[in-house]
Amino acid sequence: MTIHKESELQAPPINTGRVLYYDVLRVLAAVAVMVIHIVGYKFSAVAPTTRAWNVLNLADAAASWAVPVFFMLSGALLLSREYTLKKLYGKKILRIITCFVFWSAVYALWEFYKHRSLKGSVIEFIQGPDHMWFLFAIVGLYLFVPVLKKVVEDEATLRYFLILMFVISIVFNGAVVLLSPFSETKAKFLFGLIRQAGIQYMPANTFYFVFGYYLSSHSITKKQRRFIYIGGIVGFLFTAAGGAAASMYLKKPVAMFLANNALGICLQAIGIFVLAKQLFSAKRLPKKVQSALAYLADISFGAYLVHFLVILLLERFLNLHALRFHTLFSIPLLTIIVAVISFGISALLNRIPIVKKYLV
């Protein structure tokens, strides 16, 4: 199966002006992350034999493509443009660091308010809240952008790199993740082989980062898209059914199938990225809609940073959470509420020049 570079087929370049499907994916992925945390916050609170848990599992399986797509978007943007080390460090990495310090302090204050523990608050500040692991991961990838730029310059090297990283990060490491709920002995054996080969530290993040560039810069035929879409659907079914089966088998909620390097999540992320590119590359939406999407995309990072605090506050003061009433209704309702508040806060913060530049 050969996927050609868009330049070879005289397609428009991806690095001039706004890219509509980037904006669409950024907004959808930001909302999907909110679903993940709304659901994940209560994922282990009910038994997997209940209807409520099965709805939580389906919602999580349907949204867990979001983080891989964020990595793919970052790679599509950074690897298609020229960045000097000064700009990379002075603009991109510095902003991530200042965002982490500020928001980690905010979440640490919340931790202190809840538990009145100075030690716990300091730990929260140093580690950051759970969802901000992404900032550490993306900074790590930013540091390697000059190296990865060399990889993507040569087509043969690029394809070899993607195949190798897919096998290592998705197939091998993903197999350990999937085996571990069912057979700890086999999982340890496989991980032992991976560790001996020294490849356990090659995460899926790098694969997604480079593959995002590959998909954005290459044209995909109708036949290839069909296979990718089928793969995405199979990936969702595999994720949802596998998680349910593992949880029933172990008689406790199992989230292993929702890992970023799980094969089902990978297939979903690729399918959604390609679908968005196919639907929105032609820019058929009205200009006002495109402008609105562009604005939401620009403030989505701030919404991502603040949304988990919104989830915590809603439960603390309004007792509003995914299990408050039937999950079929509570999850979409809570998603709308969290999204509106989070994007609203981000919109307000983005009106302050210094805050916009360094904190959101």
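Reply: The dialogue below treats helix packing and then aromatic rings. The model is predicted: local features need pLDDT of at least 70, side-chain atom pairs count only at pLDDT 80 or more, and totals for chains, interfaces and linings use all residues. Residues are numbered from 1 along each chain as its sequence is written, and side-chain values use heavy atoms, with hydrogens and water left out.

Me: How are H13 and H14 placed relative to each other?

Reply: Two packed helices are described by the angle between their axes and the distance between the axes. Helices are DSSP runs (H or I, at least four residues), numbered from the N terminus. Axes are lines fitted to C-alpha atoms over the stretch in contact, with angles from 0 to 180 degrees between N-to-C directions. Here the axes of H13 (residues 287–318) and H14 (residues 327–349) come within 6 Å and cross at roughly 120 degrees. The two helices are therefore oblique to each other; angles under 35 degrees count as roughly parallel, over 145 as roughly antiparallel, 65 to 115 as roughly perpendicular and the rest as oblique.

Me: Which residues make the contact of H13 with H14?

Reply: Contact means heavy atoms within 4.5 Å. The residues involved include Leu-296, Ile-299 and Val-306 of H13 and Leu-334, Ile-337 and Phe-343 of H14. By class, this contact has 15 nonpolar, five polar and no charged residues. Ala, Val, Leu, Ile, Met, Phe, Trp, Tyr, Cys and Pro count as nonpolar, Asp, Glu, Lys and Arg as charged, and the others, Gly among them, as polar.

Me: How many aromatic pairs does the structure hold?

Reply: Rings of Phe, Tyr and Trp (its six-membered ring) pair if their centres lie within 6.5 Å; planes under 30 degrees apart count as stacked, over 60 as edge-to-face and the rest as tilted. The structure holds 20 such pairs. One of them, Trp-110 with Tyr-113, is stacked, at 5.3 Å centre to centre and 25 degrees between the planes. These two residues are three apart in helix H4 (residues 85–115), and so are separated by about one helical turn.

Me: Is Trp-110 buried or exposed?

Reply: Buried means under 20% relative accessible area, exposed over 50%, and partly exposed in between (1.4 Å probe, protein chains only). Trp-110 counts as buried because its relative accessibility is 10%, whereas Tyr-113, with 38%, is partly exposed.

Me: Which residues do ring pairs link into a cluster?

Reply: The cluster consists of Phe-70, Phe-71, Trp-133, Phe-134 and Tyr-304.
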